[in-house]
Amino acid sequence: MKKINEFRLTVDSKSVNEAFARVVVSSFVTPLDPTLEEIADLKTAVSEAVTNCIVHAYRDTCGKIYISGVISENNVVKITIRDRGCGIPDVSQAMTPLFTTGGGDRAGLGFTVMESFCDSVRVRSAKDRGTTVTLLKKIEGKAKW
């Protein structure tokens, strides 16, 4: 599929950067003329993925979060959120609703939320090497290129 536009962003795993990532992604898809619901869906999915990096990947330390986006023909948006943190020992288990390693203050619904707001969610992870979450969403608006 032909790329129309792309971006790359690196931020520290600090909670203030979760909101920043949401704004960047919503601004990036604006030329596709998305509905408010489509923007909210993407922002929520990105928020969950970035929060996972902050809370789980780097736990008690600060690391880098790598966010990239690609818009392809047919208004398909691919957002990738990657960290180089501790990794997920069992991705299938981690994607099970209500499973969490974050203790009592975490709901364990991050991946479930991502899946409900995107057309596709792919998670790859390796112990002590990090995790990559890839979100795909088709925007139904009319592109303004």
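Biologist: Which residues in the largest nonpolar core touch the most other members?

Modeller: In soluble globular proteins, nonpolar side chains tend to be buried together. In this predicted model, the largest nonpolar core has 34 residues, and Ile 65, Ile 67, Ile 79, Ile 81 and Leu 135 are the ones touching the most other members. At least two residues of this core come from each of strand 1, helix 1, helix 2, strand 2, strand 3, helix 4 (110-117), strand 4 (120-126) and strand 5. Helix 2 gives the largest share, eight residues.

Biologist: Let me zoom in on one of them. What does Ile 79 touch, leaving out residues up to four places away in sequence?

Modeller: Ile 79 touches Phe 7, Val 25, Leu 42, Val 46, Ile 67, Ser 68, Gly 69, Val 133, Thr 134 and Leu 135.

Biologist: Now a charged residue. Is Lys 137 buried or exposed, and why?

Modeller: Lys 137 counts as buried because its relative accessibility is 9%, and the cut-off for buried is under 20%. This lysine lies in strand 5, residues 130-138. For its polar partners, look at Asp 41, whose side chain makes a polar contact of 3.4 Å with that of Lys 137. The Lys 137 side chain also reaches the backbone oxygen of Phe 117 at 3.2 Å. Beyond four places away in sequence, Lys 137 touches Glu 38, Asp 41, Leu 42, Asn 75, Val 76, Val 77, Phe 117 and Asp 119.

Biologist: And the loops? Where is Ser 13 placed?

Modeller: Ser 13 sits in the loop between strand 1 and helix 1. This serine counts as buried because its relative accessibility is 7%. Leaving out residues up to four places away in sequence, Ser 13 touches Ile 54, Tyr 58, Thr 61, Cys 62, Gly 63 and Ile 65.

Biologist: What about backbone angles? What is phi of Asp 128?

Modeller: Phi of Asp 128 is near 60°, a positive value in a residue other than glycine. Asp 128 is in the loop between strand 4 and strand 5, and its relative accessible area of 55% is why this residue is exposed. Arg 59, in the loop between helix 2 and strand 2, has a positive phi too, near 40°.

Biologist: Last topic, pockets. How many residues line the second largest pocket?

Modeller: Rolling a probe the size of a water molecule over the atoms shows where empty space is left. The second largest pocket is lined by 14 residues, with Arg 8, Ile 67, Ser 68, Thr 80 and Arg 82 nearest its centre. Strand 1 (3-12), strand 2 (64-72), strand 3 (76-83) and strand 5 are the elements that give two or more residues to this lining. By class, the lining has four nonpolar, five polar and five charged residues. The volume of the second largest pocket is about 220 Å³.

Definitions and conventions: Residues numbered from 1 in each chain as written. Predicted model: local features only at pLDDT ≥ 70, side-chain atom pairs only at ≥ 80, totals over all residues. Heavy atoms only, no water. Helix = DSSP H or I, 4+ residues; strand = E, 2+ residues; numbered from the N terminus. Buried < 20%, exposed > 50% of the residue type's maximum accessible area, 1.4 Å probe, protein only. Polar contact = N/O pair within 3.5 Å; in protein donor to acceptor, adjacent residues only side chain to side chain. Contact = heavy atoms within 4.5 Å. 1 Å grid on protein atoms, 1.4 Å probe; cavity = no way out; pocket = protein on both sides within 12 Å on 5 of 7 lines; lining within 4 Å. Points joined across faces, edges and corners; volume = space filled by probe spheres on them. Nonpolar A, V, L, I, M, F, W, Y, C, P; charged D, E, K, R; others polar. Core = buried A, V, L, I, M, F, W, Y, C linked by side-chain atoms within 4.5 Å.
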